[in-house]
Amino acid sequence: MLSDCQPREKGSSFLTQLRGKVPQKSELEDICQPSTRVGKTSLIMSLVSEEFPEEVPPRAEEITIPADVTPERVPTHIVDYSEAEQSDEQLHQEISQANVICIVYAVNNKHSIDKVTSRWIPLINERTDKDSRLPLILVGNKSDLVDYSSMETILPIMNQYTEIETCVECSAKNLKNISELFYYAQKAVLHPTGPLYCPEEKEMKPACIKALTRIFKISDQDNDGTLNDAELNFFQRICFNTPLAPQALEDVKNVVRKHISDGVADSGLTLKGFLFLHTLFIQRGRHETTWTVLRRFGYDDDLDLTPEYLFPLLKIPPDCTTELNHHAYLFLQSTFDKHDLDRDCALSPDELKDLFQVFPYIPWGPDVNNTVCTNERGWITYQGFLSQWTLTTYLDVQRCLEYLGYLGYSILTEQESQASAITVTRDKKIDLQKKQTQRNVFRCNVIGMKNCGKSGVLQALLGRNLSRQKKIRDDHKSYYAINTVYVYGQEKYLLLHDISESEFLTEAEIVCDVVCLVYDVSNPKSFEYCARIFKQHFMDSRIPCLIIAAKSDLHEVKQEYSISPADFCRKHKMPPPQAFTCNTADAPSKDIFVKLTTMAMYPHARLRCMCTCNRCTFCICQNFLNSDLLQSVKNKIFTAVLNRLRARVAEWGAMLLADDEGSITHQVHAVSSVEDSIFMESSHGPLFLEARHVTQADLKSSTFWLRASFGATVFAVLGFAMYKALLKQR
């Protein structure tokens with residue numbers, strides 16, 4: 001840019017600084033040769049007063065330009081430097097504080113141009129690191145005194161020093177290109193060329209190509225290798241808040257077709273075409289376009305994803321857990337479908353590698369295949385994919401936020417951050433008070449001696465029998481397993497954690513929703529460890545516990561403990577030991593996992609289920625028959641029958657008053673025996689009345705009431721079973 005200027009300054013070399021906040025922090029420094037009076041102070045004063053000053057001081061005071069009057073909306077501080085008034089130490093300090101430096105020369109003074117390379121640029125580079133050089137702006141002032149341009153002399157200098165962003169020729173006297181000068185200074189800080197482009201090789205730098213490639217892959221929502229019109233419009237809207245007209249889209253494609261042959265394919269923009277467009281923007285000085293895209297996708301000035309983007313603020317109170325919400329599962333479902341190219345509902349190693357190309361590293365190791373469900377080829381299934389994300393969210397929510405950031409969750413879903421994908425559950429104490437929970441993920445710690453069968457329990461949750469478990473390599477084993485379990489028609493996630501054998505458990509190893517104590521029925525010393533751990537940590541806690549008799553296909557031996565496992569469970573009011581084996585032809589039974597999940601969901605309830613499924617009609621009826629409500633109804637019926645018998649006995653006593661006293665006493669004792677029998681049987685089982693001295697009519701009346709109560713009970717049980725069956729179908 002050219003303009004005219006006339007020298008009117010006294011003074012010497014100067015340093016002008018623009019200080020702002022970057023991204024939006026910028027500092028501009030202008031340096032000039034001391035004895036040539038190049039007009040550096042006039043430039044500053046002309047910018048502020050919008051007129052050329054007649055009296056120019058040796059050094060201008062520090063000036064702050066408000067953000068609302070600058071094109072980039074950045075507060076800017078301009079600091080002048082005078083070699084006559086300030087020392088070299090002050091100059092070095094100003095350089096260290098600057099974000100951008102403007103070196104001013106006079107276009108009509110060749111000596112001032114020579115000083116740019118002989119003094120100022122070497123001095124600046126000595127005070128800055130090679131890898132973080134300050135951007136430089138060359139300012140040719142007093143262009144109104146000549147009728148030629150200095151650009152032919154300046155261009156070789158710009159090619160020699162890559163830190164020079166641009167050169168502006170201006171005139172402080174005519175006020176031409178003054179505001180443009182400071183605009184380019186701001187632009188050099190906010191949209192620097194250095195991280196994006198290499199002038200010597202005339203191509204983008206590898207870090208920039210890597211970042212733009214990730215952006216392309218995120219924007220390619222159907223994963224066909226091109227950006228169609230809908231994807232380009234979405235990209236344009238989320239980056240620049242405005243869509244492109246159909247003709248504008250076609251014009252962009254035509255520009256790409258004109259320069260590279262494979263930039264457009266099937267009416268879509270390829271990765272090569274996408275990178276070419278950004279190279280063209282940079283070469284034409286439109287750095288802000290590329291930087292707008294990069295910053296929208298979370299990149300900083302060094303082309304690294306910012307911590308604010310990867311780790312948004314998420315407050316998690318104590319005793320609360322983290323889960324993915326419905327919107328997050330929909331996003332992950334679309335991500336899985338995007339990369340499942342063969343539509344086999346599983347991700348092959350190549351498909352998984354393609355998914356992780358937007359990550360700086362491979363986040364999942366080989367142990368993941370033994371943590372979640374896989375198909376017969378060992379590929380992670382759709383259910384396993386969601387389970388692994390659920391596991392990561394539960395155990396390390398910050399890592400989950402990071403992974404979602406790499407996938408572009410907040411951009412594709414147009415949310416403020418990845419934190420919108422997370423649900424923080426309420427305090428577990430509230431769940432216990434209300435006797436209901438809103439959680440969908442339940443943690444079960446699996447505890448037992450080494451080689452007692454804990455790994456078999458974990459792998460059985462994934463549907464793997466013993467023969468499949470033997471194929472797992474030792475270095476690929478996992479201490480976690482997670483899968484879905486259906487409880488009363490509701491889908492829940494059960495997370496199993498294998499706790500290593502130790503004398504005492506740590507605080508972290510105790511925290512869970514349910515405990516699974518595993519012992520080997522073929523090892524006589526196995527149960528003693530489970531009993532000891534239970535007494536040390538869980539006997540007085542509110543965490544429900546279930547004992548698993550593993551390897552039940554082997555010969556059972558007597559456990560070397562004071563009481564048997566069954567008696568131990570009865571003593572501590574626990575469900576009886578559950579027999580379990582994974583040595584089956586097909587997938588092992590999942591009954592114990594339904595039982596564990598049910599106990600985790602309802603820790604306040606003590607369900608006594610014979611077959612442990614809690615879903616079949618028998619189990620529902622069994623739980624209903626043992627419920628407090630039904631027991632209360634039974635007691636009330638027994639009390640009513642007993643009161644009726646007492647009334648009848650009183651009537652008999654009045655009628656037989658004339659009989660001998662021994663006969664009456666005999667009748668009373670008979671009634672007492674009836675009462676004892678009723679009370680005894682009402683608490684232990686069916687009601688049997690033994691009243692030999694009761695008349696036939698009274699027996700018939702009592703039988704009627706018993707039959708009526710029994711019929712009502714059966715009717716209620718069957719109705720409840722039909723209700724649960726219909727609910728499950730829905």
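At 34% relative accessibility, Asp567 counts as partly exposed, a class that lies between buried (under 20% relative accessible area) and exposed (over 50%), as judged with a 1.4 Å probe and the protein chains only. The side chain of Asp567 meets that of Arg570 in a salt bridge with an N to O distance of 2.0 Å, where a salt bridge is a side-chain nitrogen of Lys or Arg within 4 Å of a carboxyl oxygen of Asp or Glu. Both residues lie in helix H22 (residues 565-571), three residues apart, about one turn of the helix, and Arg570 is exposed, with a relative accessible area of 58%. Helices (H or I, at least four residues) and strands (E, at least two) are DSSP runs, numbered from the N terminus. The model is a predicted one, in which local features need pLDDT of at least 70 and side-chain atom pairs count only at pLDDT 80 or more, whereas totals for chains, interfaces and linings use all residues. Residues are numbered from 1 along each chain as its sequence is written, and side-chain values use heavy atoms, with hydrogens and water left out.

By the salt-bridge rule the count comes to 22. One of these joins the side chains of Asp80 and Lys40, at 2.7 Å from N to O. Asp80 lies in the loop between strand S3 (76-78) and helix H2 (88-97) and Lys40 in helix H1, so the pair ties together parts that are 40 residues apart in sequence. Both Asp80 and Lys40 are buried. A further salt bridge is formed by the side chains of Lys429 and Asp319, at 2.5 Å from N to O. Because Lys429 belongs to helix H17 (residues 428-434) and Asp319 to the loop between helix H11 (307-310) and strand S12 (322-324), this pair ties together parts that are 110 residues apart in sequence. Lys429 is partly exposed, with a relative accessible area of 46%, and Asp319 is partly exposed, with a relative accessible area of 44%.

Grid points are joined across faces, edges and corners, and a volume is the space filled by probe spheres set on the points. The structure holds three cavities of 30 Å³ or more, and about 100 Å³ of space lies in the largest cavity. Its lining comprises 13 residues, of which Asp431, Thr437, Ala600, Met601 and Pro603 lie nearest the centre. H17 and helix H23 (591-601) each supply at least two residues of this lining, with H17 giving the most, at three residues. By class, the lining of the largest cavity divides into five nonpolar, three polar and five charged residues, where Ala, Val, Leu, Ile, Met, Phe, Trp, Tyr, Cys and Pro count as nonpolar, Asp, Glu, Lys and Arg as charged, and the others, Gly among them, as polar.

The second largest pocket holds about 770 Å³ of space and is lined by 28 residues, of which Gly453, Lys454, Ser455, Gly456 and Lys477 lie nearest its centre. Helix H18 (454-461), helix H19 (466-469) and strand S18 (490-499) each supply at least two residues of this lining, and H18 gives the most, with five residues. Nine nonpolar, ten polar and nine charged residues make up the lining of the second largest pocket.

Positive phi values were also found at residues other than glycine. Glu50, with a phi of about 60 degrees, is found in the loop between helix H1 (40-49) and strand S2 (63-65) and counts as exposed at 63% relative accessibility. Asn177, with a phi of about 65 degrees, is found in the loop between strand S6 (164-169) and helix H5 (178-190), but counts as buried at 14% relative accessibility.

Methods:
On a 1 Å grid over the protein atoms alone, a cavity is a set of points where a 1.4 Å probe fits but cannot get out, and a pocket is an open set with protein on both sides within 12 Å along at least five of seven lines; lining residues have an atom within 4 Å of a point.
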